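Please read the report below alongside the sequence and the structure, which are shown here.

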Amino acid sequence: MITVVREDREMAMGESIGAERLATSQAEGGSASAAALRKVHAARGRRALERAAAACRYAGVEEHDAQAVPRDPAAKAANALRLSAQVLAELDHSPLDPAADARCARNAAAAAAIAAQVARDHGGATEPSAAAYRAALKASQAAMQAAGSEGMGRNEGLNADADAAEADASLAARAAGWI
């Protein structure tokens with residue numbers, strides 16, 4: 001139902017060279033860094049999207065449930081899933097921008113939190129489903145922090161926290177039987 005893209009991290013400069021070469025080298029280093037960060041954000045976004053899709057399947061939410069102006073939780077989940085999938089699918093064709101890439105991952109995590117709420121409500125108030133919902137909220141919050149003004153998608157610690165929260169949310173969703 002969903003596909004996405006990826007990439008990895010940052011590069012440094014050593015000794016002084018001509019101003020022109022320095023500028024070129026720094027621009028290339030910035031691109032490499034942005035490409036590396038895209039991999040990190042895209043991978044996290046894909047995992048969140050896969051989790052959202054699984055929660056939607058579990059709750060019986062279909063693609064056709066998406067609406068232009070969603071009013072009920074199932075329509076909101078379907079719409080968030082559809083929009084996040086479209087944006088993540090376009091990452092390869094967009095300019096490298098760690099802040100924007102982190103926002104894509106954040107949006108996918110938010111879609112997964114909405115889907116987790118629907119799955120939790122669909123499956124009844126079991127402890128595993130409640131734990132999966134709480135983990136989805138934590139993953140969404142961690143992704144928000146990584147994409148926020150402090151990190152702008154480049155903060156290594158915030159990205160690591162978001163990745164760890166996403167992994168925890170995936171494990172919790174599996175324990176709840178959603179995946």
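A search of the whole structure finds zero disulfides, a disulfide being a pair of cysteine sulfur atoms within 2.5 Å. The model is a predicted one, in which local features need pLDDT of at least 70 and side-chain atom pairs count only at pLDDT 80 or more, whereas totals for chains, interfaces and linings use all residues. Residues are numbered from 1 along each chain as its sequence is written, and side-chain values use heavy atoms, with hydrogens and water left out.

| Residue | Relative accessibility | Class |
|---|---|---|
| Cys56 | 3% | buried |
| Cys104 | 13% | buried |

Of the 179 residues of the protein, 44% count as buried. The protein has five helices and zero strands, taken as DSSP runs (H or I, at least four residues, for helices; E, at least two, for strands) and numbered from the N terminus.

Helix H3 (residues 98–123) packs against helix H4 (residues 127–147) at an angle of about 165°, their axes lying 8 Å apart; axes are lines fitted to C-alpha atoms, for helices over the stretch in contact, and angles run from 0 to 180 degrees between N-to-C directions. H3 is therefore roughly antiparallel to H4, a label for angles over 145 degrees. Residues making the contact (heavy atoms within 4.5 Å) include Ala109 and Arg106 of H3 and Tyr133 and Leu137 of H4.

Definitions and conventions:
Parallel < 35°, antiparallel > 145°, perpendicular 65-115°, else oblique. Buried < 20%, exposed > 50% of the residue type's maximum accessible area, 1.4 Å probe, protein only.
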